[in-house]
Amino acid sequence: MQSPHRATSRPIAASTPAETRIYAVGDIHGRADLLMETFARIDDDLRRRPVAYAVEVYLGDYIDRGPHSSTVIDALAVRMIRNGAICLRGNHEALMERFLRSEIDFEPWQQLGAAQTFASYGIELRKGDTSTALRRLLHIVLPPTHELFLQCLKDSYCCGDFFFAHAGVRPGVAIERQNANDLIWIRSEFLDSDHDHGKFIVHGHTPVPHPDIRHNRINIDTGAWKTGTLTCAAIEGTAILIL
């Protein structure tokens with residue numbers, strides 16, 4: 001098991017509350033194997049470095065693309081109950097929720113990897129399947145615990161000087177006035193901004209080769225479903241460590 005190492009050598013102008021450590025985990029996308037390894041790294045780190053208050057924050061995009069979306073939700077639901085984990089809503093979960101509520105057809109979700117999610121629930125897509133038929137099937141096979149999990153997702157989380165959101169924030173808009181759609185979908189307007197957002201933003205959504213740390217944000221989406229690297233950042237005081 002590798003020891004944590006600093007993601008950056010320069011200090012971060014943000015801090016957690018005293019005796020508080022936050023474990024932030026990037027986009028999982030159906031990689032249950034990597035998620036289980038991440039649980040083990042977090043648990044091992046807490047054994048080696050006890051802290052008064054520890055919180056786990058998962059940044060969304062648990063489903064699609066990778067092979068085991070259903071298993072990921074199972075595991076996170078347990079983690080939510082046992083560890084009080086905070087699970088944020090990603091744009092992929094938002095699409096799933098909208099599809100289940102009949103707000104969109106299947107195609108917009110299918111384009112982002114929904115077929116793998118359906119397969120993880122035992123549904124094989126066939127030519128000619130209608131959105132109505134697929135929606136009915138998914139409602140039948142979706143466990144009540146998974147429906148409850150989706151209902152428990154948050155759009156953001158704040159602790160100390162850190163603000164956690166799946167995609168980022170809209171520059172120039174106060175943190176408390178951020179739009180939920182921006183929190184789960186925004187890209188270039190946020191990524192290209194040097195703006196001081198009032199909080200240090202921890203996010204995923206846009207894959208990067210390695211954790212990308214700036215003066216106002218850190219991106220920890222390292223494309224786990226494709227690269228095999230699921231990033232977990234341990235944030236304590238003014239230090240950000242990668243487990």
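Glu97, Leu100, Arg101, His139, Leu142, Glu147, Leu150 and Gln151 line the second largest pocket of this predicted model, and that pocket has a volume of about 150 Å³. Helix H3 (91–100) and helix H7 (144–152) are the elements that give two or more residues to its lining. One of the lining residues, Glu97, also meets arginine 89 in a salt bridge.

Residues are numbered from 1 along each chain as its sequence is written. Local features need pLDDT of at least 70 and side-chain atom pairs count only at pLDDT 80 or more, while totals for chains, interfaces and linings use all residues; side-chain values use heavy atoms, with hydrogens and water left out.

**The pocket**
- H7 gives the most to the lining, with 3 residues.
- By class, the lining has 3 nonpolar, 2 polar and 3 charged residues (Ala, Val, Leu, Ile, Met, Phe, Trp, Tyr, Cys and Pro count as nonpolar, Asp, Glu, Lys and Arg as charged, and the others, Gly among them, as polar).
- A pocket here is an open set of points on a 1 Å grid over the protein atoms alone, where a 1.4 Å probe fits, with protein on both sides within 12 Å along at least five of seven lines; lining residues have an atom within 4 Å of a point.
- Grid points are joined across faces, edges and corners, and the volume is the space filled by probe spheres set on them.

**Arginine 89**
- Arginine 89 sits in the loop between strand S4 (86–87) and H3 (helices are DSSP runs of H or I with at least four residues, strands runs of E with at least two, numbered from the N terminus).
- Its salt bridge to glutamate 97 is 2.7 Å, N to O (the rule: a side-chain nitrogen of Lys or Arg within 4 Å of a carboxyl oxygen of Asp or Glu).
- Arginine 89 counts as buried because its relative accessibility is 15% (buried is under 20% relative accessible area, exposed over 50%, partly exposed in between, with a 1.4 Å probe and protein chains only).
- Glutamate 97 is buried too.

**Aspartate 45 and its partners**
- Aspartate 45 is buried, with a relative accessible area of 0%.
- Its side chain meets arginine 48 at 3.5 Å and arginine 49 at 2.8 Å, N to O in each salt bridge.
- Arginine 48 and aspartate 45 both lie in helix H1 (residues 32–48), 3 residues apart, or about one turn.
- At 42% relative accessibility, arginine 48 is partly exposed; arginine 49, at 24%, is partly exposed as well.
- Shared partners join Arg21, Asp44, Asp45, Arg47, Arg48, Arg49 and Glu236 into one salt-bridge network.
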